[in-house]
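Hi there,

Here is the structure I promised to pass on. Have a look at it first, and my notes follow just below.

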Amino acid sequence: MFDVFLCYSWSDDKSWTDDLHAELNALGIAVFQDDKDIPFGDTLAPALQAALGGSRMLVPLIGPAFHESPSCRQELLYALTASYRLDPKTIERVMPVTWRVPPSKLRPRQLKHPKLLSREAYDVAAQARIIADKLERLRASDGRRFGDAPPLPRPRWYPDELPTNRRFHGRGEVMWDLHEALLARDKPRNLGHAVVSVTGGGGQGKSALCEQYARWFAADHPGGVFVIRLGGSDRRRRPDPRAVLSRYSLQLGQLAKSLNLPVEDDLGAARAAIARSLDERPPYLWIVDDVPSDIDESYLHKLYAPTVNGKTLINTRGSLAGLVSAEIALEPLERNACLGVLTNDHAVSEAKSPEREAALGIVNDLGQNPLGLTVAAGLTTLPDFEGYPKLRAELQQDAPDALELAEHLAGELPVGAAKGFGAVMVRSFAQLTDPGREVLAASSVLGAAPIPAGLTARMIERMGTTSAEAGLERLVARGLAEDLGNGSYTVHALVSRAARFRFPAGYRRKLRDHACDLLGRQFEAGREDFGLVRSAASCLPHVLALATEEWPTGPAEWHLLGEAGRAQFELGDNVGALESLETLNERAGRSAEFDEETRVRVLANIAGAQYGTAEFSAALRGQREVIERLNALPDVDESYRLQTEENLSNTLSALGEFEQARELITSVYRRRRDSAGLTRKATLIALNNLVIAVGRCGRPALALRLGIGAWSLWHRGAGPDEPETLDSVENIANNLLRLGHVAEAAATNSYLVSRRAVVLGPEHPSTIDSQENLATATGASYWPVYAARLRAQGPSHPDTIATLEHLLRSSLPSGAVADPVDHVVSGLPADVRLENVRLDGEHAESLSELISSAVQFEEGESGYGPEHPRALRAKLLLVHALAAADQFDGQVESALPIITDSRDGLEEAYARDRSSVQPDELVIARELHHWILRLLAQEPAY
């Protein structure tokens, strides 16, 4: 057992180490000093590990050559990690002494601190006394040694448990650098948002590094580790930021499911529900994997951890410097770590030997690329492996196919590495059995996102192979795929690109056609069973990979894109639906096989998607064109024609053209009633929409009579708690209010609040609609409704903005009464939701009016004094209006100090006198504060 372990490089001044050893011994301190300079790999020799494990402190003597020594780095990393586990959040057991090394050059950066010892400032005797004092304090408080450090806790992974990565080697200093960077906002006076990016070329191990960091520092993230995989390195996809948000939304749906949040069928609500869940957790890590290198700043911040107790770790091939709090660029993996990757399954002696030299030669040939080395390591597991010299000789042969592949991949690999990488890929592909090749070929036609193993199994089953499971096992064993342990796997973008180049185009096209047909049928089956849509959601990221310029277009692809777009609508992913439908229109529009009626139906769906993303003017133009072209077609299904007209009426209503909307929906309803009957669901939905249109046109008495009739029909046919039945009750309540029957309207809305809370949930938007209408009827405060909107739907949602407007109007001296909230039902596409929409463009005028109202209200309340709760809460509304509009440069920035001061002031007022501030007002302040900070890529320190 030892008190102090001296860690040093023989290439520095060894006499310094000897002198310090002697001084410490003279003070009665047991010191370990290794007198052998051993060229270790990337793990410690057993004898050194035992000595270090039996020591209380590590004293690294960091001279110019220290960081060049693999053994010094390993000893230092071992001690740092053990110290951190023994004394959470500190590395006090590691006490460096420097010589001719400035603090800025220390690695990892945690070694730099204000009381850093240096040989230049302290002689050896003084160094020994300071070390002895530190040791005495440590002995008095804790008798444990490095070997007593508890084992690393296992991370809590979401959405699924990740298996251990046994092929990971090296990068210890980088992981400590990540740790330091992610601690940014934990430091005094630092309000920086904890968002760190890892950047590097293809195959450098960015994803593996982020996941391994989560394992090393699991204790820092007791709230869990959340992994979002975006597949941004897939070069086949067009650079569309909407696609990034669509894939992100689908991943949020999976996370919500893993957290047992019942929102997987409404991706628009997933982020708010996840944020509420995570806000109650201890600190967590939010990993966003493979972000596209050209992502725009305005989209990047949408990917950050949804609450302030989360730290965001991003990896990407490009640079995000200036957009994140810190960026770490990966350098080539250190040679000894590379050797560890290559020899992971077939070790070599640490002594110099032909085997070791050949293995190091392969490391050089592959440019120290971790992915290439992992695939090469897979070759050493083959039964005919005869050693590294022979393997290197085989890889160095100038085979034409390997050289051709190397040229194809040259732009994505370090200079000089493409030849070796191409040779490894060609040899690895050639050594696969038929099932392995078929699974890899099937994977190569799909996207870079996690691939459902069941999908590739069905694809190759159609090719006559039923051993997909064995094939995937081969790919994983060869380092060509990673099994995620949840029924899905990933194939690196470079491996997939190499496979696309190597496998025959005709063979891959057959697999692609099978994928189109299989997925198209699977999504179509979801028309009758929404559970099938949910279960197929993991396949949606692969749809557009099947519809690229690589493939000829045709009916199977069109069917897939159309059904995928519908499925995305039903999942609440309106942005993804719009992209799928636009791709369908673009691809099919070139083909003579695409008839006019089908073209018109596609345009109708695109217009529906635009309505779902609040692009009302674009939707209006598209819907009018659709109706015009439908009228020119013979034998169009009448129910479809009626649906397009009903959608147009909804859009007109959204744009304030109430009379036009009423005339059109009246015609639609009458024709539905006459053709399909009064009790058909489509007829009754049209009747509900007609009631809304009539009420908005200033005819509440007629609307009330129609509404009571609609409710009677819904109640008899569907039951009292069917959502559409409750919608008809809402129409009755709204028109009672318009007629001045306030008590009856209030009672009806009170009934709606209670029933919708049971049927849909207390935080469902329709339930909050009823709460808002109840407040309108009774003259109650809108503040609780506003707080509920912020929690459930977020500050940027159109419904929340509308509630803000009602709150302001009711608070101004004029005391204007808000209009009741109507629930318009759009039949095509089904369940369109207005989620994650930023109000701008055609909404600019209404937002300007919103700001004017907010300014007027704030000026009126300021008379109470700047610290009065009424003045402070008025500023909250002004902040929301300013940030929602964001019409001028710096508008959001100017909102930040206002919201910060207002929140602090309200919390201080609440602490002084709880009756002066309502709890809802504190919730509002917190939600708005966090939102503003997310917009500015910052986080609060509290």
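**The open sheet**

Ser 197 stands opposite Glu 327, which lies in strand 11. Please keep in mind that this is a predicted model. Strand 7 (residues 195-199) and strand 11 run parallel and are joined by four bridges. Both belong to an open sheet of six strands, ordered 6-8-9-10-7-11, with parallel pairing. At the edges are strand 6 (157-158) and strand 11 (326-329), each of which pairs on one side only.

**Nonpolar cores**

The largest nonpolar core has 91 residues, and Tyr 388, Met 425, Leu 440, Met 459 and Phe 523 have the most contacts inside it. Helix 15 (residues 418-430) gives the largest share of this core, seven residues. A second, separate core holds 49 residues, including Leu 48, Trp 157, Trp 176 and Leu 330.

What does Phe 523 touch, not counting residues up to four places away in sequence? Its partners are Ala 536, Cys 539, Leu 540, Val 543, Leu 560, Glu 563, Ala 564, Arg 566 and Ala 567.

**Aromatic rings and charges**

There are 17 aromatic pairs in the structure. In one of them, the rings of Tyr 284 and Trp 286 have their centres 6.3 Å apart and their planes at 70°; edge-to-face needs over 60 degrees, so this pair qualifies. Tyr 284 and Trp 286 are both buried. Elsewhere, Tyr 84, Trp 176, Tyr 213, Trp 216 and Phe 217 form one aromatic cluster.

Two charged side chains may also interest you. The charged end of Arg 119 sits over the ring of Trp 99, 4.7 Å from its centre. Likewise, the charged end of Lys 14 sits over the ring of Trp 10, at 5.5 Å from the ring centre.

Helix 3 (residues 70-86) has 17 residues, which at 1.5 Å a residue should span 24 Å; the end C-alpha atoms are 24 Å apart, so the two values agree. Helix 3 is also mostly covered, with 14 of its 17 residues buried.

Is Leu 896 buried or exposed? Its relative accessibility is 15%, and the limit for buried is under 20%, so Leu 896 counts as buried. Leu 896 and Val 94 are 802 residues apart along the chain, and their C-alpha atoms are separated by 41 Å.

Definitions and conventions
Residues are numbered from 1 along each chain as its sequence is written. This is a predicted model: local features need pLDDT of at least 70, side-chain atom pairs count only at pLDDT 80 or more; totals for chains, interfaces and linings use all residues. Side-chain values use heavy atoms; hydrogens and water are left out. Helices (H or I, at least four residues) and strands (E, at least two) are DSSP runs, numbered from the N terminus. The expected span of a helix is 1.5 Å times one less than its number of residues. Buried means under 20% relative accessible area, exposed over 50%, partly exposed in between (1.4 Å probe, protein chains only). Rings of Phe, Tyr and Trp (its six-membered ring) pair if their centres lie within 6.5 Å; planes under 30 degrees apart count as stacked, over 60 as edge-to-face and the rest as tilted. A charge sits over a ring if NZ of Lys or CZ of Arg is within 6 Å of the ring centre and within 35 degrees of the ring normal. A nonpolar core is a set of buried Ala, Val, Leu, Ile, Met, Phe, Trp, Tyr and Cys residues joined through side-chain atoms within 4.5 Å. Contact means heavy atoms within 4.5 Å. Two strands pair if DSSP finds at least two bridges between them.
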